[in-house]
Amino acid sequence: MESLLLDTVRKSRIPAKLDFYQSATGLILGLFMWVHMLMVSSILLGKDAMKFVAGMLEGSILRGEGDHGYPILVTLAAMGIFTLFIIHAALAVRKFPANWKQHKVFRQQMSMMNHDDTNYWYTQFITGFIMFFLGSVHLFIIMTHPDKIGPYASADRVVSEWMWPLYLVLLFAVEFHGTIGLYRLAVKWGWFDGADPRATRKKLKAFKKALTIFFVVLGLASLGAYVKIGVEQINNDNVGGRYTRVSSTNQ
Ligand code: HEM
């Protein structure tokens, strides 16, 4: 009897544990995406800046040969992110509507309540579904072409290899999903509750909105910069060419 009771208690803790892992992987991925977008947007500071960042990503500092590093480090980083991404998605699938009927009931309740936090759940469901496919394509390409990150190589991928439509959709999905996810975590774990949690929630919502706008605008501007360079690459007949920083020691 006692062991049966213990077994039941242990089992009932599983959903809480799974929830915790979903939150923890989401937190890491959300913060990673902020760093990632800042790194990608280095192109707005110029080709040299982006090449420098790409070199650092490869660990060029360890090698001491200009912007050349060890591309395997990029593969390993992408594999790590991909693993978290898969774990996070697998844990999220638990909460997806099981069939069309459940989905319809949820939609009806959503329109009746028109409650922000319920609407957020639906946005997470839709954007998560989009990211599942588009994010996997991007991560696989980066994982298998770790040496092709740079002002010219990235711009070629965006334009000549037709990644821009994928990035355009993925950008919106990621930015909405990421900021809503982090907002929900902050509310759930009461990070900034203070004396008046209601007032905090309102401020958090405003901050969330500002962050979404900031990262979408930054992403669109960066994508525009890659498209511009990618088109120049075609016009200059330089598709596949590699960029070398003026001050870099490697040729
Ligand atoms: C270690 C993992 C990752 C690396 C090394 C990486 C690297 C890059 C690079 C170099 C670009 C510039 C374009 C290109 O070269 O193709 C880019 C763009 C982009 N990445 Fe990632 N990425 C990673 C993970 C992710 C993840 C997990 C997501 C979302 C699921 C993501 C979403 C995007 C988006 C939306 C863009 C377009 C950005 C824009 O609009 O300016 N990336 N990534």
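Predicted model: local features only at pLDDT ≥ 70, side-chain atom pairs only at ≥ 80, totals over all residues.
Okay, one term before we start: a polar contact is a pair of N or O atoms within 3.5 Å.

Ser154 puts a polar side-chain atom 2.6 Å from one of the ligand's oxygen atoms. Next, Tyr167: an N or O atom in its side chain sits 2.5 Å from an oxygen atom of the ligand.

Zooming out a bit, how many residues are around the ligand? There are 23, and the ones that come nearest are His36, His138, Ser154, Arg157 and Tyr167. By type, the shell splits into 16 nonpolar, six polar and one charged residue.

Where do they come from? H1, H4, H6, H7, H8 and H9 each supply at least two residues of that shell. H1, which covers 2–40, gives the most, with five residues.

Now the whole chain. It has nine helices and zero strands. The C-alpha atoms fill a box of roughly 70 × 45 × 40 Å along the principal axes. Of the 251 residues, 38% count as buried. The chain exposes about 15100 Å², and carbon and sulfur atoms supply 68% of that.

Last one: take contacts between residues at least 6 apart in sequence, and 74% of them join residues at least 24 apart.

Definitions and conventions
Residues numbered from 1 in each chain as written. Heavy atoms only, no water. Near = heavy atom within 4 Å. Polar contact = N/O pair within 3.5 Å; in protein donor to acceptor, adjacent residues only side chain to side chain. Helix = DSSP H or I, 4+ residues; strand = E, 2+ residues; numbered from the N terminus. Nonpolar A, V, L, I, M, F, W, Y, C, P; charged D, E, K, R; others polar. Buried < 20%, exposed > 50% of the residue type's maximum accessible area, 1.4 Å probe, protein only. Contact = heavy atoms within 4.5 Å. Areas by Shrake-Rupley, 256 points an atom, 1.4 Å probe, with all protein chains shown as cover.
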